[in-house]
Amino acid sequence: MTKREEYEQKTEELILPILQEYDFELVDVEYVKEVGNWYLRAYIDKEGGITVNDCEMVSRKMSDLLDERDFIPDSYIFEVSSPGLGRQLKKDKDFARSIGEVVEGKLFRAVDKRKDFEGILRSFDKEVIVIEGENGEETELKRDNIALIRLHIDF
C-alpha cells in the first residue's frame, strides 16, 4: 500500500463515523499534489444534495481529528466538498446507482479506434462495464482501461 493509499484509508476511517451521524455519504477521499501543495480532500453527499454548511461542519469536526491523530507528516490543505454534477464513477456503489443512466468517459487505450465513449450504463462487474450505444449495440469496456467515467450532463 502506498503512502497516498494509506492516508486516504485512514482518513476514510476517521470521517465515516462523522458522516454516519448526519446520514451523509462518503463519495471519495483523495490525497493529491497540485501546484506544489498537498491536498487531502473528502467528497461527501446526501439525499437532496450537500450544502456549504454541511461541508463546513464536517470539515471542523474532521480537522480536530486530523490534528489529534497527526498521521500525515507533510504539510497539506484539508478540504470537504460536494462531488459536483460531473462526479466520476469510481466505486461499485457509484456504478450501481447509475445503471440505466447515460454516462460518458475516456479510455486509456482505444476500442474500435475510439478513446471517448458515451452511452447507457447497462451493467458492471469488477472487470467490465457494459455500455449501450445510440444504435442499441452493447459494448464491453474493461474497467482497467477506463481513464474517466461520469454521468453525462446535458445542458
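Helices (H or I, at least four residues) and strands (E, at least two) are DSSP runs, numbered from the N terminus. The structure is a predicted model, in which local features need pLDDT of at least 70 and side-chain atom pairs count only at pLDDT 80 or more, while totals for chains, interfaces and linings use all residues. Residues are numbered from 1 along each chain as its sequence is written, and side-chain values use heavy atoms, with hydrogens and water left out.

The protein chain has three helices and eight strands. Read from the N terminus on, the elements come in the order α-β-β-α-β-α-β-β-β-β-β. The C-alpha trace spans about 55 × 35 × 30 Å along its principal axes. Of the 155 residues of the protein chain, 35% count as buried (under 20% relative accessible area; exposed is over 50%, and partly exposed is in between, with a 1.4 Å probe and protein chains only). Contact means heavy atoms within 4.5 Å. Among contacts in the protein chain between residues at least 6 apart in sequence, 52% join residues at least 24 apart.

We begin with a pair of helices. Two packed helices are described by the angle between their axes and the distance between the axes. Here helix α1 (residues 3–21) packs against helix α2 (residues 52–69) at an angle of about 145 degrees, and their axes are 10 Å apart. The axes are lines fitted to C-alpha atoms, for helices over the stretch in contact, and the angles run from 0 to 180 degrees between N-to-C directions. The crossing of α1 past α2 is right-handed. A crossing is right-handed if the near helix is turned clockwise from the far one by less than a right angle, and left-handed if anticlockwise.

Which residues of α1 and α2 meet? From α1 come Thr11, Leu14, Ile15, Ile18, Leu19 and Glu21, and from α2 come Val58, Lys61, Met62, Leu65, Leu66 and Arg69. Eight of the residues in this contact of α1 with α2 are nonpolar, one is polar and three are charged. In this count Ala, Val, Leu, Ile, Met, Phe, Trp, Tyr, Cys and Pro are nonpolar, Asp, Glu, Lys and Arg are charged, and the others, Gly among them, are polar.

Glu12 is found in helix α1, and Glu12 is partly exposed because its relative accessible area is 24%. Leaving aside neighbours within four places in sequence, Glu12 is in contact with Leu26, Val29 and Lys91. Glu12 and Val29 are 17 residues apart in sequence, and their C-alpha atoms are 6.8 Å apart in space. Lys61 belongs to helix α2, and its relative accessibility of 33% is why Lys61 counts as partly exposed. Apart from neighbours within four places in sequence, Lys61 is in contact with Ile18, Glu21 and Tyr22. Lys61 and Phe108 are 47 residues apart in sequence and 38 Å apart in space, C-alpha to C-alpha.

Next comes α2 as a whole. At 1.5 Å a residue, its 18 residues should span 26 Å, and the end C-alpha atoms are 25 Å apart, which agrees. The expected span of a helix is 1.5 Å times one less than its number of residues. Buried in α2 are Asp54, Cys55, Val58, Ser59, Met62 and Leu66. These residues cover an arc of only 120 degrees around the axis, so they lie on the same side of α2. The arc is that of the directions from the helix axis to the C-beta atoms. An α-helix has 3.6 residues a turn, so residues three or four places apart point the same way. The cover over the buried residues of α2 includes α1, β2 (37–45) and β3 (76–81). On the face of α2 turned away from its buried side are the exposed residues Asn53, Arg60, Asp64, Asp67 and Glu68.

Just after α2, Asp70 takes a positive phi of about 45 degrees. Asp23, in the loop between α1 and β1 (25–34), has a phi near 60 degrees, a positive value in a residue other than glycine. Asp23 counts as exposed because its relative accessibility is 67%. Asp112 lies in the loop between β4 and β5 (114–124), and its phi, near 55 degrees, is positive too.

Is Ser98 buried or exposed? At 3% relative accessibility, Ser98 counts as buried. Ser98 sits in the loop between α3 (92–97) and β4 (102–111). Not counting residues up to four places away in sequence, Ser98 touches Leu89, Leu121 and Leu151.
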